[in-house]
Amino acid sequence: MNIKTKLILGIGMLAGMIILLVTLSVVNLQILTATEPDSPAAMPGLERALLWISITGGICILTGLCLLYWLPRSISKPIKDLKQGILEIANHNYEERLEMNNNQEFREVAESFNRMAERLTEYRASTLADILSAKKFIEAIVNSIDDPIIGLNIDRQILFINDEALSVLNLKREYVIRQSAEELSLKNDLLRRLIRELVIPGDQKEPLKIYADDKESYFKASYIPIINTEAEQDEPCKLGDVILLKNITEFKELDSAKTTFISTISHELKTPIAAIMMSLQLLEDKRVGVLNDEQEQLSKSIKENSERLLNITGELLNMTQVEAGKLQMIPKITKPIELIEYAIKANQVQADKFNIQIEVEYPEEKIEKLFVDSEKIAWVLTNLLSNAIRYSKENGRVIIGAKQEVDIIELYVQDFGKGIDPRYHKSIFDRYFRVPGTKVQGSGLGLSISRDFVEAHGGTLTVESELGKGSRFVMRLKA
Ligand code: ADP
């Protein structure tokens, strides 16, 4: 029954009752006016009429009350059910269905609602299946990666980890997924080292030495931040991090083979070079015989090249020492001026050759002594001064000096040569790096070894340089 029928029926019934009531009242009034009110003949009719009026009146009141209760309820109940159904759908309860079979208009609404809920259920089932299959697919990809990989959310909980990572970290999958990596790292040294890099970026420079594949292996950790670039917010937000461990054992082994090879060759070269130098010295001795001008030129050239060769083998030997971690320090108390004098003496011939003036800046007031491996620091200073001379124009000048600031002693070498493009200020300290276009001969090793030597003393070696104006290399060491 629809609402309109209900209303017509209800109002019709009520109107019929009222009409009946009015008719009975009129009939009763006619009886009263047609007969003597006090006559005994009128009494039974009057009583009957009153009885009927009361019965009809009672039925009228009852019908009215029923209609008052039933009519609004029959309209508001389906609306209430519909509202509840919509709320359930809004709360993702797509199982909700409406039953309104005895209400024609609302039956249609309920049918539409139920159809919509069914579609939503189907849709949810299909998207859930899609998401699950996508998740499985991603898990399969992660597991098929040979390198250990760990995915963390923004709260550093482990979202995914592949079998390689589980084996390297000695963990079990069921105990790590959705667990806080920080809490797990309390009982796992390796995980702690990996997480530390996320907390203090730049902290981990050395490769990680891990026992894997039945041997000591080396891993380099890469940290990839996961950024949601499709976020609705203006700024892309970070969702977490992926830690990828790259097995570099093979490269390490090759590198150490290379270091051993260079070290052996450099050692082996030293003896014949020393023999050449010795023979040259003998050649220069007048007692052996007098050389003509041409021969003298040739012997000078052999000497220069042998010295270069000796320098390079020295540099290579130093480098292999650093790379093999065999750098031995023999520190002793040293006056900075002694180091400066040593460097000047070692470079004087070269400076004279290019007519370069070496100026010394040493303060009057006392500079404290250094506690360093004087041979190594003297080597660094000699190398810096040699660079300053080599990369200066002829007839130029270079400054070598020292100063003290609180407990830090600065040893510096300044030239007014071609300078270094700021783009290369970092790279010049890398192994074998030479500024593109450098014509002066060299190995590209001096500065990298120098920095290693200074850092091994807990000091720093930096450069300030401007193209066309010159360079200033500063070594800072604790007094
Ligand atoms: P090498 O001088 O043997 O090439 P270094 O490691 O000492 O190796 O220097 C690396 C590079 O840095 C050099 O090749 C050169 O291009 C640049 N460089 C170093 N010192 C200076 C300097 N004083 N002035 C200009 N360029 C320099």
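Predicted model: local features only at pLDDT ≥ 70, side-chain atom pairs only at ≥ 80, totals over all residues.
Q: Which domains does the chain have?
A: The domain assignment gives domain 1 (3-105), domain 2 (145-248) and domain 3 (327-478).

Q: What separates the centres of domain 1 and domain 3?
A: Taken over C-alpha atoms, the two centres are 111 Å apart.

Q: Let's take helix H3. How many residues does H3 have, and how far does it reach?
A: H3 has 41 residues, and from its first C-alpha to its last it reaches 60 Å. That is close to the 60 Å expected at 1.5 Å a residue.

Q: Which residues in H3 are buried?
A: Phe 106, Ala 110, Phe 113, Asn 114, Ala 117 and Val 142 are buried in H3.

Q: And Thr 121, where is that?
A: Thr 121 is in helix H3 as well. Its relative accessible area is 21%, so Thr 121 counts as partly exposed; buried would mean under 20%.

Q: What is Thr 121 in contact with, leaving aside neighbours within four places in sequence?
A: Thr 121 is then in contact with Tyr 94, Glu 95 and Arg 97. Asn 93 is 28 residues from Thr 121 along the chain, and the C-alpha atoms of the two are separated by 8.8 Å.

Q: On to pockets. How much space lies in the second largest pocket?
A: About 310 Å³.

Q: Which elements give two or more residues to the lining of the second largest pocket?
A: Those elements are helix H3 (104-144) and strand E2 (158-161). H3 gives the largest share of the lining, 6 residues.

Q: Which residues line the second largest pocket?
A: The lining is made up of Ile 131, Lys 135, Ile 138, Glu 139, Val 142, Asn 143, Leu 159, Phe 160, Ile 161, Asn 162, Arg 173 and Ile 177. Val 142 is one of the lining residues, and Val 142 is also among the buried residues of H3.

Q: How does the lining of the second largest pocket split by class?
A: By class there are 7 nonpolar, 2 polar and 3 charged residues.

Q: Where does Arg 156 lie?
A: Arg 156 lies in the loop between strand E1 (149-153) and E2. Phi of Arg 156 is near 60°, a positive value in a residue other than glycine.

Q: Which loop holds Asn 395?
A: Asn 395 is in the loop between helix H11 (374-390) and strand E9 (397-405). Asn 395 is not a glycine, yet it has a positive phi of about 65°.

Q: Is Asn 395 buried or exposed?
A: Asn 395 has 56% relative accessibility, so it counts as exposed; the cut-off is over 50%.

Q: Next, H8. How many residues does H8 have?
A: Helix H8 (residues 249-284) has 36 residues. From first C-alpha to last, H8 reaches 52 Å, close to the 52 Å expected at 1.5 Å a residue.

Q: Which residues in H8 are buried?
A: In H8 the buried residues are Thr 249, Thr 259, Ile 262, Ser 266, Ile 273, Met 277 and Leu 280.

Q: What do the buried residues of H8 pack against?
A: They pack against strand E4 (215-228), strand E5 (237-247) and helix H9 (293-323).

Q: Where is Leu 339 found?
A: Leu 339 is found in helix H10 (residues 336-353). With a relative accessible area of 3%, Leu 339 is buried.

Q: What is Leu 339 in contact with, leaving aside neighbours within four places in sequence?
A: Its contacts are Thr 334, Leu 370, Ser 374, Ile 377, Ala 378, Leu 381 and Leu 411.

Q: And Leu 381, is that buried or exposed?
A: Leu 381 is buried, at a relative accessible area of 0%. Leu 381 is found in helix H11. Leaving aside neighbours within four places in sequence, Leu 381 is in contact with Leu 339, Ile 340, Ala 343, Ile 400, Leu 411, Val 413 and Met 475.

Q: How many residues apart along the chain are Leu 381 and Val 474?
A: They are 93 residues apart along the chain, and their C-alpha atoms are separated by 9.8 Å.

Q: Last one: which helix is Trp 52 in?
A: Trp 52 is in helix H2 (residues 42-90). Trp 52 is partly exposed, with a relative accessible area of 48%.

Terms used. Residues numbered from 1 in each chain as written. Heavy atoms only, no water. 1 Å grid on protein atoms, 1.4 Å probe; cavity = no way out; pocket = protein on both sides within 12 Å on 5 of 7 lines; lining within 4 Å. Points joined across faces, edges and corners; volume = space filled by probe spheres on them. Helix = DSSP H or I, 4+ residues; strand = E, 2+ residues; numbered from the N terminus. Nonpolar A, V, L, I, M, F, W, Y, C, P; charged D, E, K, R; others polar. Expected span 1.5 Å × (residues − 1). Buried < 20%, exposed > 50% of the residue type's maximum accessible area, 1.4 Å probe, protein only. Contact = heavy atoms within 4.5 Å. Domains from an automatic or database assignment.
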